[in-house]
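Subject: Structure for your review

Dear colleague,

Please find the structure below, together with its sequence. A summary of the findings follows it.

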Amino acid sequence: MLFRSSKSTCKLFHSLHKKFYNMDLPELTGGKVRCSKFGWLLVSRDELNWFFLNPVTKVEMELPSCPVPFIIVGFSSPPTSMDSMVFGIYTNCYVIVDARV
């Protein structure tokens, strides 16, 4: 879970440790966190441009441009995994985008 307290400072909640962590993440400036799993954040810069961010290591992984503006997104496994897949829901239908990195 992520709470933004300024443009680049965020408060992250670690559900296993039940602790909050304050982190400076200028990489999120102008972006919107859409999903978080496996220690990664899935971030959109706008409706069609997305990237993964590991807030601890600061590693970024760009994704190919999306064909449609998704309203709900998720991913199946860490983006470093060979079988990782990003999926999204657009209005009343769904589209699966194979965005392997």
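Which residues are linked in a network of salt bridges? They are Arg45, Glu60 and Glu62. Before the details, two remarks on the basis of these values are in order. This is a predicted model, in which local features need pLDDT of at least 70 and side-chain atom pairs count only at pLDDT 80 or more, while totals for chains, interfaces and linings use all residues. Residues are numbered from 1 along each chain as its sequence is written, and side-chain values use heavy atoms, with hydrogens and water left out.

Salt bridges

A salt bridge is taken here as a side-chain nitrogen of Lys or Arg within 4 Å of a carboxyl oxygen of Asp or Glu. By this rule there are two salt bridges. In one of them, arginine 45 pairs with glutamate 60, and the closest N and O atoms are 3.4 Å apart. Arginine 45 lies in the loop between β5 (40-44) and β6 (50-53) and glutamate 60 in strand β7, so this pair ties together parts that are 15 residues apart in sequence. Arginine 45 also meets glutamate 62 in a salt bridge, at 3.1 Å from N to O.

As to accessibility, residues are called buried under 20% relative accessible area, exposed over 50% and partly exposed in between (1.4 Å probe, protein chains only). Arginine 45 is partly exposed at 39%, as are glutamate 60 at 36% and glutamate 62 at 45%.

Nonpolar patch

Ile71, Ile72 and Ile89 form a nonpolar patch on the surface, with about 270 Å² of accessible area together. Patches consist of residues with over 30% relative accessible area and no salt bridge; like charges are joined within 9 Å and nonpolar side chains (Val, Leu, Ile, Met, Phe, Trp, Tyr) within 5 Å. Areas come from the Shrake-Rupley method with a 1.4 Å probe, and for residues only the protein chains shown count as cover. Isoleucine 71 sits in the loop between β7 (60-62) and β8 (72-75) and counts as exposed because its relative accessibility is 54%.

Overall features

The protein has ten strands and zero helices, these being DSSP runs numbered from the N terminus (strands: E, at least two residues; helices: H or I, at least four). Of its 101 residues, 34% are buried. The accessible surface comes to about 6,300 Å², and carbon and sulfur atoms hold 60% of that.

With kind regards
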